[in-house]
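Hi,

Here is the structure I promised to pass on to you. Could you open it and keep it beside you while you read the rest of this email?

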Amino acid sequence: MKNFTVCALSLLTLLPAGGIAWAAPADYQLEQVLLFSRHNLRAPLATNGSVLEQATRKPWPQWQVAGGELTTKGGILEVYMGNYTRAWLAQQGLIKADACPDAHRVFAYANSLQRTVATAQYFVTGAFPGCDIAVTHQDAMGTMDPIFNPVIANGSEAFQKAALTAMQATAKQQDLTAAWQQLDKIVDYKNSPACKGKKGCSLESTENSFSAKPGAEPGVSGGLRTGNALVDAFTLQYYEGFPADQVAWGQIKTPEQWQQLSAIKNGYQDALFTSSAVAADVVAPLLDYLRSQLMDNGDDAPQVTLMVGHDSNIASLLSALKVKPWTLPGQYEKTPIGGQVVFQRWLNKKTQQPLLKVEYVYQTADQLRNATPLSLKTPPQRVTLQLEGCTTDANGFCDWQQFSAVLNDVLKNKQMQTSVAPEARAAADSAAQDKAAQNTTVAAQAKAAAEKAEADRIAAEKAAKAQAEAERVAAEKAAEAKASAEKAEKEQAAADREAAEQAAKQKAAAQQERAAGEKAAGTAHGAASNSQGGAGQAQ
């Protein structure tokens, strides 16, 4: 095993202890936490040239990292999650807000892929800035750690037959017709390279073929595999912050569309990893390791354990534990990017009874797309999960012994893969020995990511203020122009009215003058006639 120590720089201000958070009942004390996290934002696994390009003729946008690798934004999002988690743990009294925890009290362990190791490193940087916290993983990067590898262990013919039957039955129970029709339209599947020379070609009509081979992950070929890859790519584009006209070529515009399409991706996961027989088999090594960390190590157990794996791990884990159906408000994925299943051991100090609480802590789709900084006042979502075999009270607690019985029942008679799982104490104690240049690089990357996030936030606020000011000035100018136009219109109307009145007066005066002239002329003519008459009588 290899220990990566992130010499995390003090690049983030610790969150305040106050704020909006769930409050434990009086006399309840948090004693231990195990966070099982899905890695954060990555580039699509189905890279260009593979299933994506076969499914459509449309061009795919380019990513800045290789397929499957954690993106810079994924690192920023994980720093935010780590920062929030530190504040929450301090609020619950499990760690101190202003000091590094003891090395053997915090343990981080990731699957040996770039996206999982990097996620753990960014989380540690956000949660414990300025502290030396080891991130443990296998030496052979790019290979699956047996603890996180969801492969089938049972090699019997009877199990394989039962597993195939269960996967097929789960797939048939899903009503995805509307989702398939929408996806066909978005990618123009009938004109895709995959449909060349075929009549009536559609994703829904492409037959699914399931596999359940020992030593391999449960698998499927056909429409379900292609549909999962397509919806996964669209979802990651949305989270990464691609412009709206580049996310699925601008054709997903409503939450209802996202909800409908995500049913394909959720259905893929359910079919492969959540049937009871398959889930219990593929998750056994992981569940056995969780049991050792939560049940077997006693006072030597870390107070805080972070494990970073995959959505398939979480899907099979929750299914094997028989977690009752749950919904995640604000999310379309059942096991969202960066989401954590948080196992918590509490103590009722009055009764000395140990209790379990399990929560799903995750960022909403909008929080992921907007890269919303997390705090106790602007937290991620928290949803309490309930296990069928562990009676849960109104506050979400169940008896620790019942939880232990559930774990033991799931693991009974299960075959385990050869395990190279690390010992938490040994891994933590060796942290100080591994402060290589690669760790400094990761810390620098985390610092750069956090600084970029802050710069982006400041730029966005500045742009928003500038836009608001421009809109205000434009509105004032428009109001002034409108008032000026109205004033000019009134003045013109008054001038026109005055001119009309003046013209009318002039016309009346002219008429009066003409009448007076005519009257005067008539009088003069009468006088002349009288003079002529008088003259005649005198001769």
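Let's begin at Asn408, which sits in helix H12, residues 400-411 (helices, H or I with at least four residues, and strands, E with at least two, are DSSP runs numbered from the N terminus). Asn408 counts as partly exposed because its relative accessibility is 35% (buried is under 20% relative accessible area, exposed over 50%, and partly exposed in between, with a 1.4 Å probe and protein chains only). Find Asp288 too: Asn408 and Asp288 are 120 residues apart in sequence, yet 8.8 Å apart in space, C-alpha to C-alpha.

Before you go further, two notes on the model. It is a predicted one, so local features need pLDDT of at least 70 and side-chain atom pairs count only at pLDDT 80 or more, while totals for chains, interfaces and linings use all residues. Residues are numbered from 1 along each chain as its sequence is written, and side-chain values use heavy atoms, with hydrogens and water left out.

Now for the cores. The largest nonpolar core has 53 residues (such a core is a set of buried Ala, Val, Leu, Ile, Met, Phe, Trp, Tyr and Cys residues joined through side-chain atoms within 4.5 Å). Leu52, Leu183, Ile186, Val187, Phe210, Leu230 and Phe234 have the most contacts inside this core. Two or more residues each come from helices H1 (51-55), H4 (157-172), H5 (177-187), H6, H7, H8 (276-282) and H11 (365-370). Which helix gives the most to this core? That is H6, with 9 residues. Take Leu52 as an example: beyond residues up to four places away in sequence, Leu52 touches Ala46, Trp60, Ala229, Leu230 and Ala233 (contact means heavy atoms within 4.5 Å). There is also a second, separate core of 40 residues, with Leu286, Leu318, Phe403 and Leu411 among them.

Next, look at helix H10, residues 311-320. Helix H10 is largely enclosed by the rest of the structure, because 9 of its 10 residues are buried. Those buried in H10 are Asp311, Ser312, Asn313, Ile314, Ala315, Ser316, Leu317, Leu318 and Ala320. Asn313, at 3% relative accessibility, counts as buried. Leaving aside neighbours within four places in sequence, Asn313 is in contact with Phe36, Phe148, Pro150, Val283 and Leu286. After H10 comes Lys322, whose phi is positive, near 55 degrees.

How many salt bridges does the count come to? The total is 13 (a salt bridge is a side-chain nitrogen of Lys or Arg within 4 Å of a carboxyl oxygen of Asp or Glu).

- Glu333 and Arg38 meet through their side chains at 3.3 Å, N to O. This pair links distant parts of the chain, 295 residues apart: Glu333 is in the loop between H10 and strand E8 (340-348), and Arg38 is in strand E2 (residues 28-38). Glu333 counts as buried at 6% relative accessibility, and Arg38 is buried with a relative accessible area of 0%.
- Asp311 and Lys265 form a salt bridge at 3.9 Å, N to O. Asp311 lies in helix H10 and Lys265 in helix H7, so the pair ties together parts that are 46 residues apart in sequence. Asp311 is buried at 19%, and Lys265 is buried at 8%.
- Arg382 and Glu359 meet at 2.7 Å, N to O. Arg382 is in strand E10 (residues 381-385) and Glu359 in strand E9 (residues 353-362), 23 residues apart. Here Arg382 is partly exposed, with a relative accessible area of 24%, whereas Glu359 is buried, with 3%.

The bridges also join up: Arg38, Arg42, Asp232, Lys265, Asp311 and Glu333 are linked in a network.

Strand E6 (219-221), helix H6 (223-240), helix H7 (255-273) and helix H10 each supply at least two residues of the lining. H7 gives the most, with 5 residues.
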